[in-house]
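Notebook open, model loaded. I'm jotting down what I look up as I go.

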Amino acid sequence: MRAVGHVLRAELVGLAGVVERNTYLVRRYLWWELAFFLWTVANTLTIVFIAEGVEAAGGRIDVERTTAVLLIGAVMWAYLGMIFEILTETVSWERWEGTIEYTFMAPLSRAVHLGGMGLFAIAYGLVQSALLFAVVAFFFDLSLPGANFPAALVVLVLASVSFVGIGMMTSVLPLISPEKGTQLGFVAQGVLLVVSGVYYPVTVLPEWMQWLAAISPATYALDGVRDAILEGDGLEALGDELWPLAVIGAVSIPLGLAVFRVGERHAKRHGKLKRSG
Amino acid sequence: MHAVSISDLRKDFRRRNGRRLRRERVPALRDVSFTIERGECVAVLGQNGSGKSTLVRLLSTLLLADGGTARVFGHEISRDSRAVRRLVNRVSVEASFFKKMSSAENLAYAARFYGMTPAETGPRIPEILARVGFPAERRGEPMENLSRGMQQKVALARALLTSPVLLLLDEPTTGLDPRSRLEVRALVRDVRETHDATVLLCTHDLEEAEALADRIGILDGGRLVCLAPAEELKRRYGAATLEEVFFAATGRALEDDEEAAD
């Protein structure tokens with residue numbers, strides 16, 4: 001019992017270490033963080049301005065509502081990008097710095113190692129996404145008087161479990177292909193969002209893509225966040241989004257860990273777990 | 001119980017050869033067997049590509065062997081890898097740090113991975129950095145501002161911070177100036193005396209091997225051709241120097257490079 005307690009304590013300290021290291025890195029690269037945030041704001045604006053552009057071109061739409069729909073989609077895109085990017089750094093940044101061998105030979109379980117990366121990614125992503133939402137909403141003078149932001153936050157946090165699970169699967173790709181593995185994470189992000197109704201309802205998709213939408217956590221995340229912000233839905237009304245997110249999350253984390261372990265084993269067998277690939 | 005016990009250890013890498021589609025197997029270690037006693041320092045000499053780094057990376061649990069067994073204090077390296085990791089740390093030829101982070105920050109997060117809390121590392125990091133001769137006023141500086149010699153001292157501090165009972169040194173002084181080399185050597189001696197650490201030193205620095213090791217082994221093309229105290233090797237090969245021993249044992253000079261397998 002005592003030994004179990006000792007191991008558990010060491011794992012929790014290790015988990016805190018992963019978060020601590022990433023916090024140091026954000027602090028040390030603060031100006032770069034600011035530059036990337038400006039880029040994300042600019043990117044989001046190019047999408048959200050489409051609503052006003054359609055009206056200016058003679059289209060008849062509810063501009064305020066469409067603006068909010070696009071904004072939620074764009075923020076979700078950015079959020080998912082941050083989660084995948086940070087998890088992919090589990091391998092790619094460490095390989096670039098040369099620390100990968102030291103991290104992977106430390107007596108920290110891979111579940112805790114990746115869990116720490118996921119925890120930091122969620123915290124970092126939520127702060128950046130909230131800021132992004134506020135800054136872009138300010139540009140369009142969005143009022144959103146009935147928005148239920150706490151319920152939207154609960155949906156996003158629950159969806160993040162699934163996103164982290166999928167991120168674990170993509171984060172192992174740089175171990176298998178040091179040159180191109182990182183970019184495959186962006187492919188996963190794009191595929192996930194295109195089938196999930198990022199800027200449109202999933203009903204406009206071909207039938208086979210709607211099947212994929214049904215198993216994508218981003219579908220339920222987008223629906224839930226939109227319902228909470230645009231309709232003011234509370235958690236009771238969001239049951240149809242929350243339970244699928246809980247189920248997909250419960251499956252995706254063990255699956256993500258299993259995929260990472262297979263990739264790590266492959267890398268160890270073929271000598272790819274090293275700084276130079 | 002031996003600190004390290006290796007029996008018929010084998011590792012191959014697959015490499016594409018020219019225009020052939022099939023990859024061919026390139027042996028990096030071939031049926032290597034030896035033991036290291038607790039508190040002993042064993043140096044393994046070899047050219048680039050002789051299998052030294054492969055040996056260190058196998059014992060660090062970063063590679064899976066293709067045959068044979070290796071145990072660290074009784075723990076088999078692939079089946080019981082987490083127990084092995086708790087006992088081992090290493091210093092390699094590249095210091096390898098997050099370069100924008102300071103030495104204190106790099107050491108702090110690395111120690112957390114070994115279960116050390118901020119309360120433990122708070123006093124320990126300044127103490128260990130002082131011990132390796134790292135100036136206190138530079139603890140907050142990014143690693144990228146430090147010389148290679150300084151970085152290597154921090155690498156040694158990182159390894160010592162977790163109190164490893166097996167210290168793997170993979171060419172720890174390569175590329176350092178003579179003064180830094182001597183300082184690192186003095187530190188390794190100090191660690192052995194004060195930490196009860198067992199040391200496996202892989203190097204192609206003959207002088208370093210002779211100065212630090214109780215026994216010296218020679219890896220050639222992935223095979224361990226001999227392992228004995230320096231004086232015994234000289235007697236065995238009728239040689240006056242380790243350089244002559246190496247030539248007699250392998251038919252090559254240490255400076256001639258093999259094709260790197262690892």
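Predicted model: local features only at pLDDT ≥ 70, side-chain atom pairs only at ≥ 80, totals over all residues.

**Entry 1: a leucine in a loop**

I started with A:Leu144, which counts as buried because its relative accessibility is 14%, and the cut-off for buried is under 20%. Next I checked where the residue sits. A:Leu144 is in the loop of chain A that runs between α7 (110-140) and α8 (149-171). I also looked at the backbone. The phi angle of A:Leu144 is near 45°, so I noted a positive value in a residue that isn't glycine.

**Entry 2: another positive phi, in chain B**

B:Asp8 also went on my list, with phi near 50°, again a positive value in a non-glycine residue. I found B:Asp8 in a strand, namely β1 of chain B (residues 4-16). Buried or exposed, or something in between? B:Asp8 comes out as partly exposed, at 42% relative accessibility.

**Entry 3: chain A as a whole**

I stepped back to look at chain A. I count 13 helices and 0 strands there, and reading along the sequence gives α-α-α-α-α-α-α-α-α-α-α-α-α. Then I asked how the radius of gyration of chain A fits a compact globule. For 277 residues such a globule would have a value near 19 Å, and chain A has 20 Å, which agrees. The box filled by the C-alpha atoms of chain A is roughly 65 × 40 × 35 Å along the principal axes.

I looked up burial too: 51% of the 277 residues in chain A count as buried. For contacts in chain A with a separation of 6 or more, 81% come from residues 24 or more positions apart. The accessible surface of this chain is about 12,800 Å², and carbon and sulfur atoms own 70% of that. On charge, I noted 18 positive and 23 negative side chains in chain A, with the centres of the two sets 18 Å apart.

**Entry 4: a tryptophan in chain A**

A:Trp77 is in helix α4 of chain A (residues 63-88). With a relative accessible area of 33%, A:Trp77 is partly exposed. What does A:Trp77 contact, leaving aside neighbours within four places in sequence? I wrote down A:Gln189, A:Gly190, A:Leu193, A:Val198 and A:Tyr199.

**Entry 5: nonpolar cores**

The largest nonpolar core has 159 residues. Which of them touch the most other members? My list reads A:Ile83, A:Phe163, B:Ile6, B:Leu59 and B:Ile216. Apart from that core lies another, of 5 residues, including A:Ile47, A:Ala51, A:Val63 and A:Ala74.

I then followed up B:Ile6. Not counting residues up to four places away in sequence, B:Ile6 touches B:Val32, B:Ser33, B:Phe34, B:Leu55, B:Leu59, B:Thr69 and B:Ala70.

**Entry 6: a lysine in chain B**

Why does B:Lys234 count as buried? Its relative accessibility is 13%, and buried means under 20%. Beyond its neighbours within four places in sequence, B:Lys234 is in contact with B:Glu210, B:Ala239, B:Ala240, B:Thr241, B:Leu242 and B:Val245.

Notes. Residues numbered from 1 in each chain as written. Chains lettered and ligands numbered in written order. Heavy atoms only, no water. Buried < 20%, exposed > 50% of the residue type's maximum accessible area, 1.4 Å probe, protein only. Contact = heavy atoms within 4.5 Å. Helix = DSSP H or I, 4+ residues; strand = E, 2+ residues; numbered from the N terminus. Rg over C-alpha atoms; globule rule 2.2 N^0.38 Å. Areas by Shrake-Rupley, 256 points an atom, 1.4 Å probe, with all protein chains shown as cover. Lys, Arg positive; Asp, Glu negative; His and termini not counted. Charge placed at Lys NZ, Arg CZ, Asp CG, Glu CD. Core = buried A, V, L, I, M, F, W, Y, C linked by side-chain atoms within 4.5 Å.
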